Amino acid sequence: AHATVCRRTFFMGMTAFSLARNSCSGIWSRRGRKAIAQLKRWVKGGNGNCIHLMYLLMAEEEALLQGNYMNYYDSLLDAEFGCEILLEAGIIPRDTALMFFQRSLSRAARAGFIHDAALAAERTAEYLSIGLTSNDSDHEAKGRVCEYLDLAITYYTEWGALAKVDQLKHKYASWFQLECTECSELGSDPESSNRFSRDSSG
């Protein structure tokens, strides 16, 4: 498939999953899955440039499914027996979405698609920040959000998308004010921003 067609399919899928997060209708999630299926066919046909796009859409689907699980079980269970217990028991899958986000980021970085790596890092940070605030006491979780935000900033800056960098810094201003060890280490080590380009997983 032509690169433009792959991109169009990918962005249609991203838009569909974004709409699905705020809609009770299943039409948008179905359209998102249709985009994934098309990308999978192209990947199986030998189009390696679609792999990281496929993984990112798969991550969005898993994030949506996990969110639906949370909402469903929260509506059935009281506060003393909530989703965390179901997650620990393996009834609700944990971090399947994160695995696909990381694969997308790794593949995009290694292939030189830094704009896609930036998007994958941004979406990973947003996914990990769900349910957290910059004032949250979970320092490890906040550090992971900082790490992916910093990666997104690094890749967007490298790509020349300075307006996007400003947008992210404004949107996550409270996060960038954190003096977390993870952010400091990532910012002071130029090699750390290329961590995913050296990752052989996925």
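Reader: How much space lies in the second largest pocket?

Author: Happy to start there: about 260 Å³, where a volume is the space filled by probe spheres set on grid points joined across faces, edges and corners. This is a predicted model, in which local features need pLDDT of at least 70, side-chain atom pairs count only at pLDDT 80 or more, and totals for chains, interfaces and linings use all residues. Residues are numbered from 1 along each chain as its sequence is written, and side-chain values use heavy atoms, leaving out hydrogens and water.

Reader: Which elements give two or more residues to the lining of the second largest pocket?

Author: The lining includes Thr9, Met12, Trp28 and Arg31. The elements giving two or more residues are α1 (3-20) and α2 (27-44); helices are DSSP runs of H or I with at least four residues, numbered from the N terminus.

Reader: Why are α1 and α6 called roughly parallel to each other?

Author: Angles under 35 degrees count as roughly parallel. α1 and helix α6 (residues 114-128) pack at about 10°, with their axes 15 Å apart, so the two are roughly parallel to each other.

Reader: Which residues make the contact?

Author: With contact meaning heavy atoms within 4.5 Å, α1 brings Arg7, Phe10 and Met14, while α6 brings His115, Asp116, Leu119 and Arg123.

Reader: And what percentage of the residues of the chain count as buried?

Author: Buried means under 20% relative accessible area (1.4 Å probe, protein chains only), and 43% of the 202 residues count as such. The chain itself has 10 helices and zero strands.

Methods: 1 Å grid on protein atoms, 1.4 Å probe; cavity = no way out; pocket = protein on both sides within 12 Å on 5 of 7 lines; lining within 4 Å. Axes fitted to C-alpha atoms, helices over the stretch in contact; angles between N-to-C directions. Parallel < 35°, antiparallel > 145°, perpendicular 65-115°, else oblique. Buried < 20%, exposed > 50% of the residue type's maximum accessible area, 1.4 Å probe, protein only.
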